[in-house]
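The following exercises concern the packing of one protein chain.

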Amino acid sequence: MIISNSLKAYFIIISTIIGLGIFVLPYTFSQSGYFFLFWLFFWFFSFLILHLLLGEILFRSESKHNLPGLTAKYLHPAFKHLVWFFDYFGMLGVFLVYFIAFAKFWSLVFPGINSFWFKLFFALFNIYFIFKEFSLFTRMESTLSLGILFLFLSIALFLLPYFEINNIFLALNNFQEPFLPYGVLLFAFSGISSMALVYDLVGKNKSLYFKINFWSLLTITFLYLFYVLAIVGFLGFEVSEESIESLYPYLPKFLTLLIIIMASLNMVFVDFCFYLKRGLIHDYQLSPRAANILIALSVFLLIFLNPSRLVALIGFISEFFLAFNLLVISLIYLKLKEKTYFKIPSSLVVILSLIFLSGIIYSLVNDFKHLFL
């Protein structure tokens, strides 16, 4: 079946954003109540704005660059390597989250096997696709994105007969950790790297670019909300950090296995690796072969790391590394003298920048302490 570039772009955004973040959302909701709903819609609107900011920057750039190259071009060449540090190690942090989570997921199915072997297989599986052409995994993403959407909707519908509205009311009124959703939802919505790929597909069509981003983000937002309400309505405060561990005794084994397989096949990991590969080639003029080797080595080194606190790790990576990238995008947009394609009020961009900066400071004070001390 022939898929249009606009549909490919839609699926790229969905498959890049929907990943392991969805599994920790029910726990986050149970710990933060109404604040979760606030941060959910805050990030929906914020990422829609951020995608438009980056769209303005990409549309004005004649050559292909990732964020470090764009920073050097629009802010100052001296900032290029600093942004690359945050960009690269932020992505590696995301990869580490995937390694930890998938090792836990597969250990549910095969409890007697050392988690190292799951990590090794996951690394080899994804590195295989990293070395392949872009067109190969975009075709897979279209199928996998539909499969993932259908799968999470199926889980929610399966649990619907056991739904207890009282669990939702209890969770809504639990304000134990009001700022927890800030970092977790930032992680769950992060897919800014896909904008360069979307631009490669649709070009300087601002109307189409806006529609693709709006509908993909809206799809993701309501999927997150539906999944969270279904899981918390069923489990209440018994939901675990990764939710799948709590669901495992209740779901049919074939459905649990299907969840884990589909999550493992999700191409988010490959998308992020391809983003890094694109940056190494266009921002640092590395050959594709050298870029592949560097990324493969970086991925393999993560196999040997095993931090125990997944939610704390997600919070630190998103609030520190990912938020820094969002701050840089905002600063680049503010630096532009004229806005041709997407005109966002500067005051709104400044407010978002201050929120990102506050999150970075908060992560150093709070998340770093809990994760490393």
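**Exercise 1.** Determine where Trp-39 lies and which residues it touches.

*Solution.* Step 1: Trp-39 belongs to helix 3, residues 34-60; helices here are DSSP runs of H or I with at least four residues, strands are runs of E with at least two, and both are numbered from the N terminus. Step 2: the relative accessibility of Trp-39 is 11%, so the residue counts as buried (buried is under 20% relative accessible area, exposed over 50%, partly exposed in between, with a 1.4 Å probe and protein chains only). Step 3: leaving out residues up to four places away in sequence, Trp-39 touches Pro-178, Phe-179, Pro-181, Tyr-182 and Leu-185, where contact means heavy atoms within 4.5 Å. Step 4: Pro-178 is 139 residues from Trp-39 in sequence, yet their C-alpha atoms are 9.4 Å apart.

The model is predicted: local features need pLDDT of at least 70, side-chain atom pairs count only at pLDDT 80 or more, and totals for chains, interfaces and linings use all residues. Residues are numbered from 1 along each chain as its sequence is written, and side-chain values use heavy atoms, with hydrogens and water left out.

**Exercise 2.** Describe how helix 4 packs against helix 5.

*Solution.* Step 1: the axes of helix 4 (residues 67-74) and helix 5 come within 8 Å and cross at roughly 155°; axes are lines fitted to C-alpha atoms, for helices over the stretch in contact, and angles run from 0 to 180 degrees between N-to-C directions. Step 2: helix 4 is therefore roughly antiparallel to helix 5 (under 35 degrees is roughly parallel, over 145 roughly antiparallel, 65 to 115 roughly perpendicular, and the rest oblique). Step 3: the contact is made by Leu-67, Pro-68, Thr-71 and Ala-72 of helix 4 with Lys-80, Val-83, Trp-84 and Asp-87 of helix 5. Step 4: by class, these residues are five nonpolar, one polar and two charged (Ala, Val, Leu, Ile, Met, Phe, Trp, Tyr, Cys and Pro count as nonpolar, Asp, Glu, Lys and Arg as charged, and the others, Gly among them, as polar).

**Exercise 3.** Describe how helix 5 packs against helix 15.

*Solution.* Step 1: helix 5 (residues 80-109) and helix 15 (residues 288-302) have axes 10 Å apart, at an angle of about 45°. Step 2: this angle makes helix 5 oblique to helix 15. Step 3: helix 5 contributes Tyr-88, Leu-92, Phe-95, Leu-96 and Phe-99 to the contact, and helix 15 contributes Leu-294, Ile-295, Ser-298, Val-299 and Leu-302. Step 4: nine residues of this contact are nonpolar, one is polar and none is charged.

**Exercise 4.** Which backbone atoms does the side chain of Ser-246 reach?

*Solution.* Step 1: Ser-246 is in helix 12, residues 244-247, and is buried, with a relative accessible area of 12%. Step 2: its side chain reaches the backbone oxygen of Glu-238 at 3.2 Å. Step 3: the side chain of Ser-246 also reaches the backbone nitrogen of Ser-240 at 2.6 Å. Step 4: apart from neighbours within four places in sequence, Ser-246 is in contact with Leu-235, Glu-238, Val-239 and Ser-240.

**Exercise 5.** State how many residues of helix 10 are buried, and what follows the helix.

*Solution.* Step 1: in helix 10 (residues 194-202), eight of the nine residues are buried. Step 2: among them are Met-195, Leu-197 and Tyr-199. Step 3: Gly-203 follows helix 10 and has a positive phi, near 70°.

Conventions. Polar contact = N/O pair within 3.5 Å; in protein donor to acceptor, adjacent residues only side chain to side chain.
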